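Hello,

Here is the structure I promised to pass on to you.

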Amino acid sequence: MMNDKTLKDAHSKDNAHTDFKEKMTYGDYLQLETLLDSQKRLSNHHDEMLFIIIHQVSELWLKLMIHEIEAATKAIQDEEYQAAFKMLSRVSKIQTQIIQGWDVLSTLTPAEYMEFRGFLGNASGFQSYQYRLVEFVLGYKTPHIIKIYEKDPELHDLLERAFEAPGLYDVSIQALAKQGFSINQAILERDFSKKYEQDVTVEEAWLTVYKNKETYWDLYQLAEKLVDVEDWFQQWRFRHMKTVERIIGHKTGTGGTSGVGYLKKVLDHYFFPELWTIRTKI
């Protein structure tokens, strides 16, 4: 075992900096004092710390997902496909981390959770504005959701801008049109604040891409990156639903939703529907 002198000698040989009176430290850069002071339990229950940290970590991953998806969307618009592929691959890896977070939360038992659940009031993950932003940037628009955030004008404006902007799938369909595919003009000129409805011309274009992947290699890779994102997203939703069912059964959620019932319904939604239907036809 190293003694203090051995450690000191090791640090000296590595030229490790030890004087930070006028220099930025690791903690300064990451603002760790603020970050680690943000776990404010409302109860004295031991497991509330777990509950808070899991949700805070998920929000940090959501922030990075939004950052990457927005950049990938712009890259596709600019036909910088390789950059977009890297970003979308990163999104898929982020999703695996969030899924593993549900596994940690599932160590919370129903009896333990009920001992502090009442302290949450009406606070619920349903109200996560970053989760809604992820849905919006992927192209899934639900107008009633924005009402939740009217109390915060700045946040409301942020969501409205994302709500009205083209999502990741919209620019991917535009990429098909740029490559000469005959896409329904109403799809290309549609109101992006409306929920996307499956279209036969989009399906036919993706089917052609898959049957001629060497000719349309960039579009083929783009399609598979989108499928990766959606696949992981569905697994994330499923683990969320099962974790909630494991902890509270079929109780109403703290935010007033049907809880497990609501989470089961969204499992049937597809962001990129044609990329799934063509698999039967290839």
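**Notes on the model**

Leaving aside neighbours within four places in sequence, Thr142 is in contact with Phe136 and Phe163, where contact means heavy atoms within 4.5 Å. Thr142 sits in the loop between α7 and α8 (153-164). With a relative accessibility of 11%, Thr142 counts as buried; the cut-offs are under 20% relative accessible area for buried, over 50% for exposed, and partly exposed in between, with a 1.4 Å probe and protein chains only.

Before going further, a word on the source: this is a predicted model, in which local features need pLDDT of at least 70 and side-chain atom pairs count only at pLDDT 80 or more, while totals for chains, interfaces and linings use all residues. Residues are numbered from 1 along each chain as its sequence is written, and side-chain values use heavy atoms, with hydrogens and water left out.

**The chain as a whole**

The chain has 14 helices and zero strands. Helices (H or I, at least four residues) and strands (E, at least two) are DSSP runs, numbered from the N terminus. Of the 282 residues, 42% count as buried. The C-alpha atoms fill a box of roughly 70 × 55 × 40 Å, taken along the principal axes. Among contacts between residues at least 6 apart in sequence, 71% join residues at least 24 apart. The accessible surface comes to about 16,400 Å², and 53% of that belongs to carbon and sulfur atoms. Areas like this come from the Shrake-Rupley method with a 1.4 Å probe; for residues, only the protein chains shown count as cover.

How much space lies in the largest pocket? The value is about 1,500 Å³. Of the 50 residues that line the largest pocket, the closest to its centre are His55, Glu59, Ser124, Gly125 and Ser128. A pocket here is an open set of points on a 1 Å grid over the protein atoms alone, where a 1.4 Å probe fits, with protein on both sides within 12 Å along at least five of seven lines; lining residues have an atom within 4 Å of a point. Grid points are joined across faces, edges and corners, and a volume is the space filled by probe spheres set on the points.

Helix α4 (48-77) is among those that each supply at least two residues of this lining, along with α5 (81-105), α7 (129-138), α12 (217-248) and α13 (260-266). The largest share, 13 residues, comes from α4. By type, the lining of the largest pocket divides into 24 nonpolar, 17 polar and nine charged residues. For these classes, Ala, Val, Leu, Ile, Met, Phe, Trp, Tyr, Cys and Pro count as nonpolar, Asp, Glu, Lys and Arg as charged, and the others, Gly among them, as polar.

The second largest pocket has a volume of about 170 Å³. Of the 15 residues that line the second largest pocket, the closest to its centre are Tyr196, His269, Tyr270, Phe271 and Pro273. Its lining divides into seven nonpolar, three polar and five charged residues.

**Helices and the chain end**

The expected span is 1.5 Å times one less than the number of residues. Helix α11 (residues 200-211) reaches 16 Å from its first C-alpha to its last, close to the 16 Å expected. Its buried residues include Val202, Trp206, Leu207 and Tyr210. Their cover includes α9 (168-178), α10 (185-188), α12 and α14 (274-281).

Ile282 belongs to the segment after α14. Apart from neighbours within four places in sequence, Ile282 is in contact with Leu207 and Tyr210 of the chain, yet counts as exposed at 52% relative accessibility.

**Two positive phi values**

Most residues other than glycine have a negative phi. Gln31 has a positive one, near 55°. Gln31 is in the loop between α2 (26-30) and α3 (32-35) and counts as exposed at 54% relative accessibility. Glu79 also has a positive phi, near 60°. Glu79 lies in the loop between α4 and α5 and counts as partly exposed at 43% relative accessibility.

Best wishes
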